[in-house]
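Thanks for making the time this morning.

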Amino acid sequence: MQLPVFARDIAVSAAGKAFGNIEIMEAASLGEIENTASAGTPVFLIIHSTATELTGVLNACSPSGEPRWAIAVLGAHSKKGIETLLPEEWPPQLLACVFRRIFEQHELRCENLRLRGDLRTVGRRISHDLRSPIGSVYTSTDVLSEISATDAETSRELAATIKESVSEILQLVNQVSFVSLASTDTVTPSRVDMGALVADVLQRLDQKVQETGATIVVPSTWPDVVGVANWLVVVWTNLVENALQHAGPNPKIQFSWTAMPKSFRFILSDNGPGVPATRVADLFLPFNQLHCISGRGLGLSSVQRLVALQGGNCGYEKLPGGDASFYFTLPGVS
Amino acid sequence: MKILIVDDKPNLARVTALALRGLGCETFTAGTTAGAIQLLAAEKIDAVFLDVNLDRESGFEFLSLLVSQSTDLPVVMFTAQTREEVAGEALRRGAFDCLVKPFGMDDLREQLARIQAHINRINSPARRSNQAPS
């Protein structure tokens with residue numbers, strides 16, 4: 001599009017080398033491109049950096065929001081904010097390689113956008129749509145429980161079973177939608193008072209802590225970190241629930257932290273039997289690999305994803321005294 | 001207490017009505033705002049339970065309408081979204097409270113107790129004398 005003659009010849013030669021049997025079309029305007037390219041046909045656009053409609057071409061999107069075309073900008077000079085191929089990069093063979101990479105990148109970008117949209121759909125729409133019928137079942141069983149309180153014990157037990165199953169389904173829906181949305185939404189990390197956040201988590205989990213008879217030990221001071229507060233609530237909640245579940249009778253759960261050069265390491269240890277050596281490697285299996293295994297809860301994989309999104313990492317180690325220790329790191333406040 | 005349930009999902013409306021009747025309320029249900037308006041005109045409704053998403057209608061916009069007509073009528077928004085996503089907008093528009101689905105009998109009991117306390121305050125002799133024309 002709007003290429004000087006000498007540049008046009010080089011571009012056509014390079015396109016032939018890059019894509020083989022390709023139909024070359026010329027267009028003088030954005031409208032002409034849209035009229036001549038059939039819908040659904042992949043288009044590779046070569047445009048000069050001085051073209052009047054450069055910005056419009058670069059910003060053009062398909063109805064589904066993906067970049068409309070793979071685009072290579074050829075020019076005599078670099079243009080701020082626009083990746084321009086300069087004359088020294090125009091030998092046809094080299095240009096052909098660049099064209100192929102640009103096209104692959106475009107395809108990957110489009111696929112990424114589609115997949116992120118799928119995740120958002122799962123996170124928002126499907127989980128919302130599932131909650132309504134689940135809600136019906138949940139409330140119905142609660143009503144049944146009340147009505148059958150003076151009737152058959154079996155009815156009450158059945159209602160309790162249904163209600164617990166529904167709660168499990170709900171928890172699963174909530175976990176999946178939370179991680180899906182965290183992975184796709186744009187959230188800016190900010191300063192977080194870790195002490196206040198942990199106190200909030202422990203308050204929410206107070207009933208579970210009481211039921212297990214767990215002893216909780218927390219440090220007297222906590223650092224401020226850079227993170228996303230509601231993600232960190234989920235991280236700590238999952239770690240504590242994991243500890244309460246696996247620490248055995250009379251669990252003792254200890255919170256601690258250590259300062260590292262540019263980050264903090266937060267540790268949750270318990271006096272349970274720990275994780276068998278054969279299970280340690282995939283303990284924090286990345287969320288996007290969970291489809292490879294079944295029968296595994298989502299909790300620790302959710303922790304892995306949420307910590308990674310905040311620039312940290314997580315892991316497990318057995319402490320010298322035998323306690324099991326789960327940790328994650330986060331950037332400190334600069 | 002007379003409760004109007006506005007929800008386009010019949011199963012949820014039915015089970016909410018069942019639960020509230022179990023707690024001693026008289027219930028009315030509407031699947032659309034037009035149906036709700038008719039019932040509000042015909043019955044002396046004490047509180048409204050209103051779903052945030054009403055198919056093609058907006059629960060929030062209906063909430064604003066209800067609040068503009070009567071600030072004393074408690075409107076409880078219920079939603080399948082999280083409380084964080086909905087509560088801010090709901091309370092800003094004058095909702096009495098938010099109930100996140102799924103809710104159980106205890107959640108409804110608690111709401112009814114709050115609604116009853118609100119009604120008692122409105123009907124208190126002190127308030128009535130403040131509002132009486134001089």
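**Pockets, interface and local geometry**

Let me begin with the largest pocket, which has a volume of about 2,100 Å³; please keep in mind throughout that this is a predicted model. The lining of this largest pocket comprises 50 residues, and those that lie nearest its centre are R131(A), N174(A) and R204(A), together with T82(B) and E84(B) from the other chain.

Which elements supply this lining with at least two residues each? On chain A they are α4 (92–147), α5 (153–184), α6 (194–204), α7 (206–212) and α8 (229–246), while on chain B they are α4 (83–92), β7 (97–100) and α5 (105–122). Within that set, α5(A) gives the most to the lining of the largest pocket, namely ten residues. If we sort the lining by class, we find 19 nonpolar, 16 polar and 15 charged residues. As for where the largest pocket sits on chain A, domain 2 (130–184) and domain 3 (190–331) both give residues to its lining, so the pocket lies between them.

The second largest pocket has a volume of about 1,000 Å³. It is lined by 32 residues, and the closest to its centre are E241(A), N242(A), Q245(A), H246(A) and G297(A). The elements giving two or more residues to this second lining are α5, α7, α8, α10 (299–309) and β10 (324–331), which belong to chain A. Here again α5(A) gives the most, in this case seven residues, and the lining of the second largest pocket divides into twelve nonpolar, twelve polar and eight charged residues. Domain 2 (130–184) and domain 3 (190–331) of chain A each contribute at least three residues to that lining.

Let me move on to the interface, where 16 residues of chain B are in contact with 13 residues of chain A. Between them the two chains bury about 1,300 Å², with 63% of that area on carbon and sulfur atoms.

How many salt bridges cross the interface of chain B and chain A? By the rule applied here, the number is zero, although the count over all chains comes to 17 salt bridges. One salt bridge I would point out is formed by E104(A) and R101(A), whose closest N and O atoms are 3.4 Å apart. Both of these residues lie in helix α4 of chain A, where E104(A) and R101(A) are three residues apart, or about one turn of the helix.

On chain B, K101(B) and P102(B) are joined by a cis peptide bond with omega of about 0°, and P102(B) is located in the loop between β7 and α5 of that chain. On chain A, N250(A) has a positive phi of about 50° although it is not a glycine, and N250(A) lies in the loop between α8 and β7 (252–259) of chain A.

Definitions and conventions: Residues are numbered from 1 along each chain as its sequence is written. Chains are lettered from A and ligands numbered from 1 in the order in which they are written. This is a predicted model: local features need pLDDT of at least 70, side-chain atom pairs count only at pLDDT 80 or more; totals for chains, interfaces and linings use all residues. Side-chain values use heavy atoms; hydrogens and water are left out. On a 1 Å grid over the protein atoms alone, a cavity is a set of points where a 1.4 Å probe fits but cannot get out, and a pocket is an open set with protein on both sides within 12 Å along at least five of seven lines; lining residues have an atom within 4 Å of a point. Grid points are joined across faces, edges and corners, and a volume is the space filled by probe spheres set on the points. Helices (H or I, at least four residues) and strands (E, at least two) are DSSP runs, numbered from the N terminus. Ala, Val, Leu, Ile, Met, Phe, Trp, Tyr, Cys and Pro count as nonpolar, Asp, Glu, Lys and Arg as charged, and the others, Gly among them, as polar. Domain bounds come from an automatic or database domain assignment. Contact means heavy atoms within 4.5 Å. Buried area is the accessible area (1.4 Å probe) that two parts lose on being put together, summed over both. A salt bridge is a side-chain nitrogen of Lys or Arg within 4 Å of a carboxyl oxygen of Asp or Glu.
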